[in-house]
Amino acid sequence: NSLSQKLAEKFTILNDRGIGMLTRIYNIKKACGDPKAKPSYLIDKNLESAVKFIVRKFPAVETRNNNVSLSFACILHIYYILFNLDVDSIFVPISLFLQTVNFDLTKNYLDLVVTYTNLMMLLSRIEERKAIIGLYNYAHEMTHGSSDREYPRLGQMIVDYENPLKKMMEEFVPHGKSLSDALLSLQMVYPRRNLSADQWRNAQLLSLISAPSTMLNPAQSDTVRTQYIAALSLWKLALQSSTCLCLFRDEVFHIHKAAEDLFINIRGYNKRVNDIKECKEQALGLMHRERRKFLRSALKELATVLSDQPGLLGPKALFVFMALSFARDEIIWLLRHADNIQKKSTDDFIDKHIAELIFYMEELRAHVRKYGPVMQRYYVQYLSGFDAVVLNELVQNLSVCPEDESIIMSSFVNTMTSLSVKQGIQPNTAYTSVSKASLGIADHRELGKMMNTIIFHTKMVDSLVEMLVETSDLSIFCFYSRAFEKMFQQCLELPSQSRHSISFPLLCTHFMSCTHELCPEERHHIGDRSLSLCNMFLDEMAKQARNLITDICTEQCTLSDQLLPKHCAKTISQAVNKKSKKQMGKKGEPEREKPGVESMRKNRLLVTNLDKLHTALSELCFSINYVPNMVIWEHTFTPREYLTSHLEIRFTKSIVGMTMYNQATQEIAKPSELLTSVRAYMTVLQSIENYVQIDITRVFNNVLLQQTQHLDSHGEPTITSLYTNWYLETLLRQVSNGHIAYFPAMKAFVNLPTENELTFNAEEYSDISEMRSLSELLGPYGMKFLSESLMWHISSQVAELKKLVVDNVEILTQMRTSFDKPEHMASLFKKLSCGVLKRMTIIGVILSFRSLAQEALRDVLSCHIPFLVSSVEDFKDHIPRETDMKVRDTGLHFWIISIIDPPDGVNGHLLSLVTENISPEEEYKIACLLMVFVAVSMPTLASNVMSQYSPAIQGHCNNIHCLAKAINQIAAALFTIHKGSIEDRLKEFLAVRFIVIVHLVYTTHLSSPFLIIYYKQLSSFICFIFILYLGFYLGRIHV
C-alpha cells in the first residue's frame, strides 16, 4: 500500500506545511479584520456591487463586463493562492493500524489531525473568503479567457466547510479506528498532566532533593505500558480542564458551546449535553491557580539546585523539560482564559505572581543553554555506554528478527557505540519509514519503550534548542500585547515581584520562533513588535528604578540639609537658654530633634520609608542586573544602559532643579547649599553600584561636565548659565544701583541699608566659602565661562567709554596739553559729558568680583590638583623676560595662566575683547584720552557724601575704591595691545589727576572750613591710594 510508506516523513512535512498554511490564513484574517490593513479592493466603492454579486452567486461563475485590470488580478492572486489548499495532501487517509507504543508516530499523527482541524475552522472565520476567491477567479477569466483550473474544487470546499465541525464529523468517519487508538494511547499521560496541585505535591513531582540517594540516577518515564480506559473519561477530563482551546495564536475555540450546539442536533446524544454543562461548571481556574502556585515553588527549587550543581542537568534533564512544559501550559492557559472569558473570578484569572513563574522558566532555559555541552557529553556517554548495550541485548533476545530489521538495529547499536557530540540520530523515525516492516513494535513493547528513550537521549545531544522551543516557547505573548503589558505593570506595582520583571523582556526573545518560512512577510512585523515591547519594558524598568533612586536622594538631601550650619541656631539658642536657666512659658517651643535621631531604633520591625525604598530598589536592580544583554532579531539590548541613561537625565534635571532658581523673583539657592545637596545625591548614586554593575563614574563625568557648559546636550540651561546670569543680572546689577557694596576687608559684597530691602543677602552669596562652593560646582570650565561673561560686560563698558571719548575728543585733546593751566582746564571740564567714572566703577566692581572668583578657583584647584597648579605657577614666576615677551606676543601666555590669573595682571581675554577694527594710531589716541578723561573727572567724587572712606571696610560705600583696579586693568590691556609705554601713560594720568585735585581744593571758595579740610584729606588719601595701587602694579609687571 503506497499510503503506508514513509509515514514519518509525510507527517513531518505535512505538519510543517500545515503550520505554514495556518500562519498565512491567520494573517489574511487579521488583515481583513483591520480597517487600516484591509485590502483596498474590498473597501473600494466602485467594486462594492460586484463583490456583493460574486458573494451571492458563489461559487457559480458569471461575467458581466470586461473592466478588470491585470494589476488588480495580480494583487488578488497573492491572496487567492493562500486559499488554494490541497486538502488531500494535508490530511492523508490512514488505514494502517497505529502502533501506539511509537511515541513520535502517534504524536505526529495527532498533530496533523489538530492542524487540519484548526486550519479548516480558521478558514471558515474569514468573512471575506468568498469575495477574495470569487474576485480572483473573475479577474482570471477576464484576463485569460477561462477560470482558474483549481477554482471549482476550492469553491466547493469553501461551501462545504461553512459549518466545519459538521463537515469534519463526516470526514473523519473512515479514520475513526486509527484516531481512537491514538487518543486512547494518552490515557496515562493526559490524566497525569491534569492532576491537582495537591497530588503533585504529595508525589514530590519535579523535586530533586526529596530522595537524595537517587539524585544522581537518570530520570526515567514509564508511560508506555498502559491499561485501556474508556474514551468517555478522557473526553470529560478534557472538558473540565479548559473552557476554550487555542486554534492558532490568539484565535480560540469555545469547546462547551460548540459541543452543545453540535450534540443537541444529533439523535441519541442529548444526554451528552448534560455532561457538557456539568463539565463546564467544573472548568474553573481554582485548580490551575493552585498548580501555578505549586510550580513556582517547584521550579524555584529546581533552578536553585541546578545552579549550584549544574552536573545534575545530565541525569535530571527529563525533570527540567517536564517542569518547563508544565509551566508553559499553565501560563498559556491563564493567558488564553483571562483574555477570552467574560464572567471570571478575579482570583482565578488574574495572577500577580505570574512573572515569578516565567522567571524560573527563563532561569532553567538559561541553565540548559549555558551547560548544554555538559548535557551533550553526558548523553553521548549514556548512549554509547548504556543505551547501546541494552538495545543490543533486546535485539539479541528477539525470538524473530527479520534480516532487514536486524541490519537496521545493528546499525543503531554501532552508531550509538561510536557516537560523538557532533553526531545525532533519530532511530525511531528511520524505522517507521520502512514499508511493510514485519517486526511489529506493538508485539515487542520493551523494544518500543527503549527506542523512545533513545530518541529522547539523542535529542539531548543534537536538538537542545529545538527541545527548549518545543517545551517552553511562549511566543504566544506576541499576540496578547494588551494582557502582556498588563501583567508587566502588575509586576512592577508589586515590590516583591519586581525582581522578576526581567522575564518580560526575555520573553520577547521568543517571538521570532513563531514565524514560518511560508509567511516571510510577517517576520518584520513580529520583529518590530518584539523590539518595541522589549524597549518599552526595559525603559519602564529603568524609569521605575530611577524614580526609586530619586526618592532616596530626596530623603538623603533632606537629612543632609538638617546638618547645614543655618539650622544649628535654634539648637544653640536652646542650649544657651537651658544653661542660663531661663524659665520657658507653658507653651514653649518643643525641643527640636537632632539630626541622626531617625537612625535610632528600639525595634527592627519598625520599617521607615527609606527602608522600603531601598528594599524595592534592590529587588528591581536585581532584575536589571540579571542579564548583561539580550539579543532580539539581531538587535542587542543592554538593560543596564537603560538605567544609566535615565540616571544621567534625572541627575541633570535634579541638579538644575536643586538650584531653585525663580526667574520672577530672582531667587536662587546658595552655592554651598547646592553643593551639599549634590554631594548627598552623588553619595546615593555611588551606592547604586552595590545593586547593579554600572559605571556611575561615567554618569558623574557626563552630567557634571555638561553642567560646566552654558547649555547641556539637550539644549537646556545648566547651573553654570543660571549662576552666571544671577550674579551678573541680579547681584552685580544691584551693586550698580547702589544697594550693595564691595567690602575688601571681608572679601565679600554686603547689602547697604536702603529703603527697599533686597530679597537676598549678598554676603551669603559672595563670601569666600560660597565662591569656593561655586568653584566646586562649576569647575574650571564653568568658572572660565563666568569669567568670560564678566569680561564681556567689561568690554561693553569699555566700548561705551570709548564712545564718550570720541564724543569729547577735541576737548580731551586740549585738556591733555593744558593740564598746567587750571582756569582753562576748569572751563574745558564743564564742556565734558558725564558718566565716565560710573562706568569705570562698574568695571572695577566686576573685576573685584572676578578676583574673588579666581581666588576661590585657585583654592579649589590647589586642593584637587596641587601639583599641576604649582607647576603652572612655577612656569609663570620663572619664565625669562625675553621669553615672556615672545610668548606674550602670541597670546599663549595669558591662556596658560588663566586658571591662576593674578588679581592685577594683564588679562588675556580682556585684551581680545577691547580690540576694535580701527587703525592702531586712532586706537592708541583714544586709550590715552580715556586715561585723561578719567583723571580730570576724579574731583567730582569729592562732592559725593558716599565717597567717605571707611577704615572698617577698607573702602567706600559707593565702591569708588574699585576704581584703582579698573584703571590698572584697562590701562594695562589698552597699552599692551598697542605696545605703548604703560609707565609713561600712567605717569601722565597721575600728573593730570594730581593737578586737578589740588586745584579743586585750593581754588574752591567754600563757606565751611571743615569741608575744605575734608577735601584736602580726601584728595591726599585718593592720591595715596592710587600711588599705592600703581606702585604695586608697576612693581609686578614687566614694562
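Mentor: The discussion below concerns a predicted model, and each term is set against its cut-off.

Trainee: Why is helix H35 called roughly perpendicular to helix H43?

Mentor: The axes of H35 (residues 768–807) and H43 (residues 920–937) cross at roughly 90 degrees and come within 9 Å. Angles of 65 to 115 degrees count as roughly perpendicular, so H35 is roughly perpendicular to H43.

Trainee: How do you know that the length of helix H29 agrees with its number of residues?

Mentor: With 16 residues at 1.5 Å a residue, H29 (residues 609–624) should span 22 Å; the end C-alpha atoms are 23 Å apart, and therefore the two values agree. The buried residues of H29 include Leu 610, Leu 613, Leu 617 and Cys 621. The partners against which the buried residues of H29 pack are helices H25, H27 and H30.

Trainee: What does the corresponding calculation give for H25?

Mentor: The 13 residues of H25 should span 18 Å, and the end C-alpha atoms are 18 Å apart, so the values agree. Among the buried residues of H25 are Phe 484, Met 487 and Phe 488. The buried residues of H25 pack against H17, H19, H26, H27 and H29.

Trainee: What makes Ser 207 buried?

Mentor: The relative accessible area of Ser 207 is 11%. Buried means under 20%, so Ser 207 qualifies. Ser 207 lies in the loop between H12 and H13, and its side chain reaches the backbone nitrogen of Ser 210 at 3.2 Å.

Trainee: Why is Glu 634 called exposed, and why is Lys 747 called partly exposed?

Mentor: Exposed means over 50%; Glu 634 has 78% relative accessibility and is therefore exposed. Lys 747 has a relative accessible area of 35%. Glu 634 is in the loop between strands E3 and E4, with phi near 65 degrees. Lys 747 is in the loop between strands E5 and E6, with a positive phi of about 50 degrees.

Technical notes
Residues numbered from 1 in each chain as written. Predicted model: local features only at pLDDT ≥ 70, side-chain atom pairs only at ≥ 80, totals over all residues. Heavy atoms only, no water. Axes fitted to C-alpha atoms, helices over the stretch in contact; angles between N-to-C directions. Helix = DSSP H or I, 4+ residues; strand = E, 2+ residues; numbered from the N terminus. Parallel < 35°, antiparallel > 145°, perpendicular 65-115°, else oblique. Expected span 1.5 Å × (residues − 1). Buried < 20%, exposed > 50% of the residue type's maximum accessible area, 1.4 Å probe, protein only. Contact = heavy atoms within 4.5 Å. Polar contact = N/O pair within 3.5 Å; in protein donor to acceptor, adjacent residues only side chain to side chain.
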